[in-house]
Amino acid sequence: MIRFIVQAIVTMIGLWLSAKLVPGVDFNSNGSLIAAALILGLINAVVRPVMVVLTFPITVVTLGLFLLVVNAAMIGLTAMFLGGFAVDGLWAGVGAAIVTGVVSWIAGAFIGGDEKRD
């Protein structure tokens, strides 16, 4: 449960930074930003694995770059479910996916993983 909360906070920071840096990504209030982070976490846990498996052949052909499109689609799906969060088009979604991914990568470097301690 703690891991999900930390991941939601990191995702919230990534979405906030995306709204500041990427044109076409916007949110109405802090509540909608929090809701977007929670919904995106649930979508990434349920829908994204199915999409990754279904799009595996094209992901292999594009050497993994198609995962950006999958991530952008998950952010767009979040925007469809939530009225206070808007993503205008595929390229805004790809930009938000890149920014959110970089923020998650940096946070993962500082937070660390689930390595077992001996």
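Reader: Which residues of H1 are buried?
Author: This is a predicted model, in which local features need pLDDT of at least 70, side-chain atom pairs count only at pLDDT 80 or more, and totals for chains, interfaces and linings use all residues. Residues are numbered from 1 along each chain as its sequence is written, and side-chain values use heavy atoms, with hydrogens and water left out. Buried means under 20% relative accessible area, exposed over 50%, and partly exposed in between (1.4 Å probe, protein chains only). In H1 the buried residues are Ala8, Val10, Thr11, Gly14, Leu15, Ser18 and Ala19.

Reader: What reach does helix H1 have from its first C-alpha to its last?
Author: Helices (H or I, at least four residues) and strands (E, at least two) are DSSP runs, numbered from the N terminus. Helix H1 covers residues 2–21, 20 residues in total. The expected span is 1.5 Å times one less than the number of residues. For H1 that expectation is 28 Å, and the reach is close to it, at 29 Å.

Reader: Is Thr55 buried or exposed?
Author: Thr55 sits in the loop between H2 and helix H3 (56–61). Leaving aside neighbours within four places in sequence, Thr55 is in contact (heavy atoms within 4.5 Å) with Phe66 and Val70. Its relative accessible area is 13%, so Thr55 is buried.

Reader: Which residues does Leu77 touch, not counting residues up to four places away in sequence?
Author: Leu77 lies in helix H4 (residues 66–81). Its relative accessible area is 22%, so Leu77 is partly exposed. Under that sequence limit, Leu77 touches Ile43 and Val47.
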